[in-house]
Amino acid sequence: TPTEPTTQAYHPLDATARAALPFRLDLPQGFEIGTGRPGPDFTIYSVRHEGVPFVMIYAGPASQFPIYDGQLAEVAGRASVVVTETDGRHAMEHLFQRATAPREIHVWVTSLDSAERAIAERIAQSVDPR
């Protein structure tokens with residue numbers, strides 16, 4: 001019996017695809033950015049290290065911002081949600097709104113332990129629309 005080709009839900013982007021993204025970001029050594037199956041008019045990207053998602057990025061017409069409960073702050077042309085925990089304040093997500101498509105770029109840190117979360121926060125804060 002013939003088998004259907006399997007579509008991988010996540011695939012890393014090469015340098016050419018990264019250069020075409022509607023945003024730029026700093027990827028530490030050993031990290032990659034990839035995407036899964038896009039939806040109508042949107043794409044969700046995942047920044048990963050050894051298969052573990054650190055940061056998620058939505059680019060499309062209408063995100064689900066905010067997903068975290070915290071203090072909303074307008075900083076550097078973006079809305080950010082900052083949460084206060086026992087070990088300090090953490091910027092957990094950011095929203096950029098644009099006049100052109102994609103209208104929203106929503107960046108959020110995944111649930112990680114504190115050492116990994118610090119890396120994820122740095123990556124999330126490095127995202128800027130192009």
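At 14% relative accessibility, Phe31 falls under the 20% limit and therefore counts as buried, and Phe54, at 3% relative accessibility, is likewise counted as buried. These values, like the others in this report, come from a predicted model.

**Aromatic contacts**

The protein holds three aromatic pairs. One of them joins Phe31 and Phe54 in an edge-to-face arrangement, with 4.9 Å from centre to centre and 85° between the planes. This pair links distant parts of the chain, since Phe31 belongs to strand β3 (residues 31–35) and Phe54 to strand β5 (residues 52–60), 23 residues apart. A ring also meets a charged side chain elsewhere: Arg48 lies over the face of Tyr10, at 3.8 Å from the ring centre.

**Overall build**

The protein has two helices and ten strands, and from the N terminus on its elements run β-α-β-β-β-β-β-β-β-β-α-β. Its C-alpha trace spans about 55 × 35 × 25 Å along the principal axes. The radius of gyration is 15 Å, which agrees with the value near 14 Å that a compact globule of 130 residues would have. Of the 130 residues, 41% count as buried, and among contacts between residues at least 6 apart in sequence, 47% join residues at least 24 apart.

| Strands | Sense | Bridges | Residues standing opposite |
|---|---|---|---|
| β3 and β4 | antiparallel | five bridges | Glu32 and Arg48 |
| β4 and β5 | antiparallel | seven bridges | His49 and Val52 |

In the hairpin of β4 and β5, two residues lie between the strands, and Glu50 takes a positive phi near 50°.

**The nonpolar core**

The largest nonpolar core has 27 residues, of which Phe23, Ile33, Val55 and Ile57 touch the most other members. At least two residues of this core come from each of β3, β4 (43–49), β5, β7 (78–85), β8 (88–97), β9 (104–109) and α2 (114–126). Strand β5 gives the most, with four residues.

Notes:
Residues numbered from 1 in each chain as written. Predicted model: local features only at pLDDT ≥ 70, side-chain atom pairs only at ≥ 80, totals over all residues. Heavy atoms only, no water. Phe/Tyr/Trp six-rings, centres within 6.5 Å; stacked < 30°, edge-to-face > 60°. Buried < 20%, exposed > 50% of the residue type's maximum accessible area, 1.4 Å probe, protein only. Lys NZ or Arg CZ within 6 Å of the ring centre and 35° of its normal. Core = buried A, V, L, I, M, F, W, Y, C linked by side-chain atoms within 4.5 Å. Pairing = 2+ DSSP bridges. Rg over C-alpha atoms; globule rule 2.2 N^0.38 Å. Contact = heavy atoms within 4.5 Å.
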